[in-house]
Amino acid sequence: MSPLPASARARLALGAAAIALIAGVAGYGLGHLGRSPSPAAPAPGAGRKILYWYDPMVPAQHFDKPGKSPFMDMQLVPRYADEGPGEAGVQIDPARLQSLGVRYATAARATFAEDLTAPGVLEFNQRDLAVIQARAAGFVQRVYARAPGDVVRAGAPIADLLVPSWGGAQSEYLAVRRTGDPALEAAARQRLRLLGMPQALIEAVARSGRTRTVVTITTPIGGAIQTLDVRQGMTVNMGQTLAQVSGLGSVWLTSAVPEAQAGRLRTGAPARVELAAFPGQIFKGRVSAILPAAQAESRTLQVRIELPNPDGRLRPGMYGTAHLGGTARPALVVPSEAVIRTGKRSLVMLAGDGGRFQPTEVQVGREDGDRTEILAGLSEGQKIVASGQFLIDSEASLAGIQARPLGAAGASVSAKAQPTLYETRGRVEALKGDEITFSHEPVPAIGWPAMTMTFKLDPPGLAKGLKVGDRAAFAFEQRPEGPVVRRISPAGAGQ
């Protein structure tokens, strides 16, 4: 092939350059044609003050600058000033609240019975025990197929005992009886009784005129045979124990009560008992004894509850739960379902205005059915979430909202905060103007032990009608100048 002339090569180079230029211009135009022009986006949160940065998965940890979370593979999120403490709690849209099915309840003051629950086990009533002994030396002629654990009725035979020494005494009695001398006969009868003969046997000898040296040993009460130490052919001595029978007319439930609650117990108090063997049934009894010694290992007191057992259904060894009722007194209560128990503390979700909620730590006391006593953290009349609070608590956690601790200022997420009241009971020791002195019980909510101290009264006439020696339930608040009593409920004098 002959080489191209110079003019042809020049035209070819110019054509290739033109094609490359056209392709570059077309590519630039197509690239811009695929993107719609947009203005520059403003920086996130422009014009809003940032308090700190946080990881939504670990909201309690705060950072002073943006970046990647050290916990998760994600960017930190800013917390703005208008979302901070100035507006307590987390805000949720009303439409979302409706879809969550949120229900509300109000912390209210109500009569609350001092109900103490304690587990226990049924036992024999040791006050209803019969010991069957041989009244004279002799030989066992017959046994009646009894065994320990058998339930027998009163008068049931245990064994037939041959007593040879009784034969001579009975013969002398019959001889004296034939004389017709009443005084001698009475003396002879007394001798038979002193030898251990039962009255029924003496009467049988007198009627028949014949001696009887075989006596049937019977049980004086009905119940369960605990021990049986008699066998056919054995020799027994006077006073030897043959059997022991425990009555079943009543049984004991021995319950373990924590010693910290022992002060609420009293002998004779009514008790309600539930047994695992009879679900849904309540057995009524009373506290028959509070044992004097505490169990060192468990720090509990043993309480005996006596239960009637007319039909014998209650068997020793059954497991039960005792409910020991006490004096009813007023208390601040909320529905039990409203309390979130984390294992370390208890929370309620306080409801405020505009769909705003604040998790609040509370100190709970006793429970009575579906109600829980609140010792600290809430005030009467505050609105809380009774249903759906777990979902709201999750929202608060994701938003980094911390639960308000016990004793913290700002008792409510609504406009008007209310003081925290602490409740206890005590005896009036002194009254002077606007001051009252109580010997009061412990106040667990603030760690106070039982002691005697003076309180201010607000209003000053709050203690009207009380006198020294009266007992009362009262509620007080902590102020900078000292504790101030805000409410008193007299409980009667000298109690």
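Trainee: Which residues in α5 are buried?
Mentor: In α5, L201, I202, A204, V205 and A206 are buried, where buried means under 20% relative accessible area with a 1.4 Å probe and protein chains only. The model is predicted, so local features need pLDDT of at least 70 and side-chain atom pairs count only at pLDDT 80 or more, while totals for chains, interfaces and linings use all residues. Residues are numbered from 1 along each chain as its sequence is written, and side-chain values use heavy atoms, without hydrogens and water.

Trainee: What covers the buried residues of α5?
Mentor: The cover includes α3 (165-179) and α4; helices here are DSSP runs of H or I with at least four residues, numbered from the N terminus.

Trainee: At what angle do α4 and α5 pack?
Mentor: Helix α4 (residues 182-194) packs on helix α5 (residues 199-208) at about 135 degrees, with the axes 10 Å apart. Axes are lines fitted to C-alpha atoms over the stretch in contact, and angles run from 0 to 180 degrees between N-to-C directions. That makes α4 oblique to α5, oblique being what is left after under 35 degrees (roughly parallel), over 145 (roughly antiparallel) and 65 to 115 (roughly perpendicular).

Trainee: Which residues meet there?
Mentor: R189, L192 and R193 in α4 meet Q199, I202, E203 and A206 in α5, contact meaning heavy atoms within 4.5 Å.

Trainee: And how do α3 and α5 pack?
Mentor: Their angle is about 50 degrees and their axes are 10 Å apart. The pair is therefore oblique. W166, Q170, Y173, L174 and R177 of α3 touch L201, V205 and A206 of α5.

Trainee: Which residue follows α5?
Mentor: G209 does, with a positive phi near 75 degrees.

Key:
Helix = DSSP H or I, 4+ residues; strand = E, 2+ residues; numbered from the N terminus. Buried < 20%, exposed > 50% of the residue type's maximum accessible area, 1.4 Å probe, protein only.
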